[in-house]
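Me: I'm new to this one, so let's go through it together. Can you show me what we're looking at?

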Number of protein chains: 2
Amino acid sequence: MRDELQHQKNLQLLLNQVIELMNKKEVLNTLVHKQEQNTPRQTLIQSLAERENLAHLRQKLGSLHPADIAFILENLPLKQRKMVWDLVKDQKGGAILLESSEVIRKNLISEMPHQEILDVAQRLESDEIADLLPYLPKESTLDVLTSLDKRNREQVQSLLGFPEGTVGALMDFDMITVREDVTFEVVLRYLHLRGHLSEQVTQLFVVDRTNILKGLLPIQELLVRSEDTLVKQSMIDQPIYFYTDDTAREAAQAFERYGLISAPVVNAHHELVGCLGVDMVMDFMHETTQKELLNQVGLQEEEDIFSPVWKSARNRWAWLGVNIIMAFIASRTIGLFENTIEQLVALAALMPIIANIGGNTGNQTIALIIRGLALNQIGTNNFRYLLFKEISIGLINGLLWGSVVGLFAYLLYQQPSLALVMVVSMILNLFVASLAGVFIPLTLHRLGRDPVIGSSVILTAITDSMGFFIFLGLATWLLL
Amino acid sequence: MRDELQHQKNLQLLLNQVIELMNKKEVLNTLVHKQEQNTPRQTLIQSLAERENLAHLRQKLGSLHPADIAFILENLPLKQRKMVWDLVKDQKGGAILLESSEVIRKNLISEMPHQEILDVAQRLESDEIADLLPYLPKESTLDVLTSLDKRNREQVQSLLGFPEGTVGALMDFDMITVREDVTFEVVLRYLHLRGHLSEQVTQLFVVDRTNILKGLLPIQELLVRSEDTLVKQSMIDQPIYFYTDDTAREAAQAFERYGLISAPVVNAHHELVGCLGVDMVMDFMHETTQKELLNQVGLQEEEDIFSPVWKSARNRWAWLGVNIIMAFIASRTIGLFENTIEQLVALAALMPIIANIGGNTGNQTIALIIRGLALNQIGTNNFRYLLFKEISIGLINGLLWGSVVGLFAYLLYQQPSLALVMVVSMILNLFVASLAGVFIPLTLHRLGRDPVIGSSVILTAITDSMGFFIFLGLATWLLL
């Protein structure tokens with residue numbers, strides 16, 4: 001009974017078990033190949049042992065959830081990955097591909113022959129096929145589509161029509177519809193005839209004869225109320241629902257906010273077209289969170305741990321290029337004041353302090369603004385207060401930490417005027433940092449870009465260059 | 001029918017509507033107070049209008065989901081927040097407190113008289129009470145506990161015994177148990193008698209007479225199979241379950257991984273003690289994600305948008321203090337080479353480039369390692385490869401971007417030897433950055449700390465100081 005959870009807890013343990021089983025087989029393989037001069041008898045014994053190990057491995061893999069196999073594949077070097085994949089693809093290939101991360105999915109599909117792709121696709125639901133299609137080679141895409149019956153093909157095509165990140169692209173068709181004027185007895189008879197109900201179906205969708213959504217019937221009602229109850233007496237007639245073009249992010253917020261388990265999806269005419277389940281919403285949230293973590297440091301796509309060094313290096317270049325340009329600008333700002341530094345070289349040692357602390361306070365402001373945007377908290381009614389508050393905090397911190405660094409400078413160099421320049425520069429640069437920290441993410445957001453991605457680089461460019469400029473400029477003016 | 005979703009989409013719109021309604025009332029209030037010398041008749045008219053507006057506001061608030069009211073409270077200045085809270089607390093006070101963020105919850109509770117707290121608590125489930133208790137003043141805590149019946153009190157006390165972040169602290173008791181040897185007919189009769197089944201109950205828990213968990217019965221089975229089916233024929237006998245001391249993070253990963261909707265929670269003796277629902281898991285994930293975003297920039301707790309400037313400023317100090325110390329260390333590193341800079345002032349302008357790019361590449365490595373840790377991907381079997389890969393990428397990028405900055409330096413200052421120093425320093429500093437980027441998060445993780453919090457500061461301290469040291473050291477050695 002513990003087994004399944006154990007997997008989740010000890011994915012690494014599981015991985016090691018599989019690797020161990022594989023190594024046994026490999027060791028034997030090598031032996032067999034080395035000793036080809038042996039008597040047939042010996043070879044036979046070894047190949048029996050090999051077969052036994054293989055059976056073990058197959059059995060182990062057979063007992064695992066597709067998500068766990070996807071995990072294992074992701075964490076095996078390319079050659080071993082291929083071996084495991086060959087063992088599992090026939091039975092659970094489709095499910096594993098769906099659970100894999102994008103890079104692994106691409107990697108696995110790129111090695112599949114045409115017919116294998118068709119076989120895998122045939123065992124999937126239409127929403128799953130729609131998820132896989134973008135990763136298939138062109139010739140397979142067409143063949144998969146033509147291999148479907150009319151209804152499924154239409155479903156797949158409708159899903160493909162919705163842009164990524166919308167509810168339409170995320171929904172599935174795992175739903176049951178009923179009319180509002182039938183009794184529970186009729187509904188129950190229908191369900192009994194149907195014979196199977198997936199665990200994701202926790203409510204029935206109530207529609208009229210033109211498929212317009214009228215309400216929801218939680219299946220729990222069917223269990224507690226008498227058989228002569230009418231659907232309309234028991235249904236929720238003002239349910240939360242989504243339009244196909246709502247963003248997946250909005251839907252995820254609604255699921256989290258209202259504790260939803262599933263919700264109907266309608267088109268602009270209010271016709272029921274699909275269903276959104278909490279499992280898909282959680283997958284979406286998980287992926288988004290992971291992506292944002294990587295985007296913050298300019299990694300455009302996830303990296304396969306075992307992808308070639310060269311490919312991974314390129315994944316990081318765009319970001320480093322941008323940062324180099326920003327560093328050049330800061331460097332030229334310092335270059336303007338080379339004369340000043342020549343006369344008072346202490347400035348060179350002190351200037352990074354002003355720039356760094358500016359960057360740090362600005363990034364705190366950015367994090368709060370991005371959080372506020374994500375939670376819908378920033379609007380016209382509180383923007384002024386927010387701006388006032390961040391600027392005040394910037395000035396308070398400038399005075400406080402400016403005094404600390406001023407004292408530090410005085411103790412080191414015994415020049416009161418230099419200490420004063422430190423204090424004033426710090427106050428000014430933290431003022432700049434507060435302004436930039438508020439306006440950069442808001443501007444990016446207003447331009448329709450994700451503030452998580454660019455805000456921090458732009459801010460650091462500003463706080464660095466302005467920090468150097470303010471500090472060295474004040475020093476030139478006051479100290480020379 | 002659109003209404004509820006509209007709230008979610010247009011929380012800002014909703015907020016504005018409420019503020020508008022409140023302002024009407026305020027305006028009238030002021031009028032009434034100003035014109036106390038007026039005839040009773042005029043006052044009467046105004047107070048009628050006022051009452052009408054108040055009724056509007058109350059009606060609006062009454063139609064909202066507690067989560068939406070919590071949102072509105074969070075986004076109102078303190079005085080208006082109090083007014084709205086007074087209007088809603090009687091009916092939905094408890095639910096709203098539970099949906100509020102921690103800061104707002106503290107703020108609201110601090111203003112509630114003793115009796116009000118007791119009233120609110122009486123309308124809550126025991127898991128909800130356990131969530132609120134830590135925020136209540138001491139005298140209220142005791143009275144709330146004594147006001148509960150024995151069973152609820154025991155439940156609350158058991159929940160309070162589990163450390164934060166464990167499954168035990170997150171679970172609730174919204175569950176129904178059945179025996180494995182009864183027929184569906186008996187189960188259905190029991191459910192009919194019970195009369196209500198929450199939408200969160202999507203499976204029944206099968207236990208033996210000593211309360212040991214034997215399996216799960218999805219309620220869908222009750223709808224599709226005949227009444228003489230035995231529970232044990234239809235139940236899932238190897239379900240995924242959790243122990244009370246499993247971490248909430250592990251549970252969240254399992255929910256996401258296996259698409260769970262709810263799961264049983266057992267104690268060390270394998271007795272069923274509670275239930276974990278996907279709604280609680282999503283709340284947990286949401287809070288964790290938000291916290292991590294803030295923790296990355298050293299914000300220990302969320303900030304109430306309308307909390308005083310002074311309090312917010314203090315929330316940011318610990319982090320800035322740490323960064324100042326790191327900046328001092330970098331500054332002293334430069335200080336070691338003041339003679340060198342005096343002789344070749346171009347070094348002052350170029351040195352931040354080496355330090356910055358080191359920080360940027362190191363942070364990319366950190367993000368990948370943190371992601372790997374979160375997804376359980378880093379183990380003994382791939383650690384060496386990972387380290388080899390990150391170092392290789394560091395060296396490749398060092399050579400590439402080092403050449404770019406070397407060229408930049410040559411074009412500016414026309415000194416080939418200076419350009420060479422740039423290239424070599426960049427390679428060396430990116431090597432340092434790769435090592436630090438791999439080992440810092442892994443070490444923090446092994447010490448049981450959250451690598452999201454400290455990694456970046458430590459890394460930047462190293463890449464700054466080492467960057468300055470390598471560059472200025474090489475320059476001193478080769479150029480003077």
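Me: How far apart do the C-alpha centres of domain 1 and domain 2 of chain A lie?
Reply: This is a predicted model, where local features need pLDDT of at least 70, side-chain atom pairs count only at pLDDT 80 or more, and totals for chains, interfaces and linings use all residues. Residues are numbered from 1 along each chain as written, chains are lettered from A and ligands numbered from 1 in the order written, and side-chain values use heavy atoms, leaving out hydrogens and water. Going by an automatic or database domain assignment, domain 1 covers 11–164 and domain 2 covers 177–287, with domain 3 at 316–479. The C-alpha centres of domain 1 and domain 2 of chain A are separated by 35 Å.

Me: How many residues does chain B bring to the contact?
Reply: Contact here means heavy atoms within 4.5 Å. Of chain A's interface residues, 100% are also interface residues in chain B, so the copies meet through the same surface. Chain A brings 148 residues, and chain B brings 149 residues.

Me: Which residue of chain B forms a salt bridge with Asp68(A)?
Reply: A salt bridge needs a side-chain nitrogen of Lys or Arg within 4 Å of a carboxyl oxygen of Asp or Glu, and chains A and B share four of them. For Asp68(A), the closest N and O atoms are 2.6 Å apart, and the partner is Arg257(B).
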